[in-house]
Amino acid sequence: MTTKYKLDKPILVTGAAGAIGGVGRNVTEFLLAKGHKVRALVRREDERADVLRRLGAEVVKGDLTNLDSMHRAIEGCGRIYFGMSVSAAYLEATINTAAVARHHGVEAFVNMSQMTVSQMSISESTESPQHKLHWLAEQALSWSGLPVVTVRPTVFFEGFFLVLAGVSVRASDALMLPMGSGKISPISAVDVASAVAAILEDPAPHIGQIYDLTGPESADLDYYARIFSEALGRPIRYRDVPLPAWSEGLRQARFPEHVVSHLSAMVELTRQGRYDRMTDTMRKLTGKPPTNMRDFVKLHAAEFKPR
């Protein structure tokens, strides 16, 4: 039986294999469920690539910084989702992909950026090398002539709460993060993927737009610790750990220095109140409210159980 797709041309999704909180993987699943043909770009052939094939995606192995790889990935595609994990090669990958996308004349290029970029300019930056790369990448895309849509999410639940703080929640019933009394409005990567999929479904009204995405509430870590306690049914407290010690812990866990610098800058900006922001963009793009902390913790309760 021949599958009928909404569009003749596939939609390219980069970072499609993804790990925990992988936006690309969720974008792939959403688009396939909506009846779109998806070409999923992965870095290596593994079980995650096999899962994408079983879901119905056309899987292509490639490197975002390699011209030949990106020609093979982009040729024949009409729309692109571009996203890449924190990496020192981010700017090179963005420009390489954009150059090939322009060559092939794509109709939409949805770029995953970061919300902090909205507070940056030619004279204002942060201590994060990744933030600077995102800002520069946005500048280059604005000059490229491509039909770009920029998505700027805030902190992901999956990164800071499930991965980074999950260890201390399991081991000592504590959210151990160096965020002081700063407030944040974290968002689920699944929600961000839903917004991206909605844009890719009908990109024309969104071309040239920039969308800042946040969760449904902005609060400090003491508040979120209480939410954890209620959702998990056991006391969870917030421990404001020293930033240098926390950063060194990331190094001991073998996080690359580029990533350590980026995450350390993010928590320092949180302490300064720079992540205390709210938008209703998720609802406008998808018609649904974003996931809140309580529902996220309940959904992942098994992953927060003591071990």
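Ala301 has a relative accessibility of 25%, so this residue counts as partly exposed; the range for that class lies between buried, under 20%, and exposed, over 50%. The model is a predicted one. Ala301 sits in the segment that follows helix α13, which covers residues 293–299. Ala231 is 70 residues away from Ala301 along the chain, yet their C-alpha atoms are separated by 7.8 Å.

The next topic is the nonpolar interior. In soluble globular proteins, nonpolar side chains tend to be buried together. Here the largest nonpolar core consists of 36 residues. Within this core, the residues with the most contacts are Phe160, Phe161, Leu175, Phe228 and Trp246. At least two residues of the core come from each of α6 (157–164), α9 (221–232), α10 (243–252), α11 and α13. Helix α9 gives the most, with seven residues.

Neighbours within four places in sequence are set aside, and its partners then include Phe156, Leu175, Ile184, Tyr224, Phe228, Met293 and Phe304.

Finally, consider how two helices pack. Helix α5 spans residues 129–144 and helix α11 spans residues 257–271; their axes are 7 Å apart and meet at an angle of about 90°. Angles from 65 to 115 degrees count as roughly perpendicular, and α5 and α11 are therefore placed in that class. On the α5 side, the residues in contact are Pro129, Gln130, His131 and Leu133, and on the α11 side they are His258, Ser261, His262, Met266 and Leu269. By class, this contact has four nonpolar, five polar and no charged residues.

Methods
Residues numbered from 1 in each chain as written. Predicted model: local features only at pLDDT ≥ 70, side-chain atom pairs only at ≥ 80, totals over all residues. Heavy atoms only, no water. Helix = DSSP H or I, 4+ residues; strand = E, 2+ residues; numbered from the N terminus. Buried < 20%, exposed > 50% of the residue type's maximum accessible area, 1.4 Å probe, protein only. Axes fitted to C-alpha atoms, helices over the stretch in contact; angles between N-to-C directions. Parallel < 35°, antiparallel > 145°, perpendicular 65-115°, else oblique. Contact = heavy atoms within 4.5 Å. Nonpolar A, V, L, I, M, F, W, Y, C, P; charged D, E, K, R; others polar. Core = buried A, V, L, I, M, F, W, Y, C linked by side-chain atoms within 4.5 Å.
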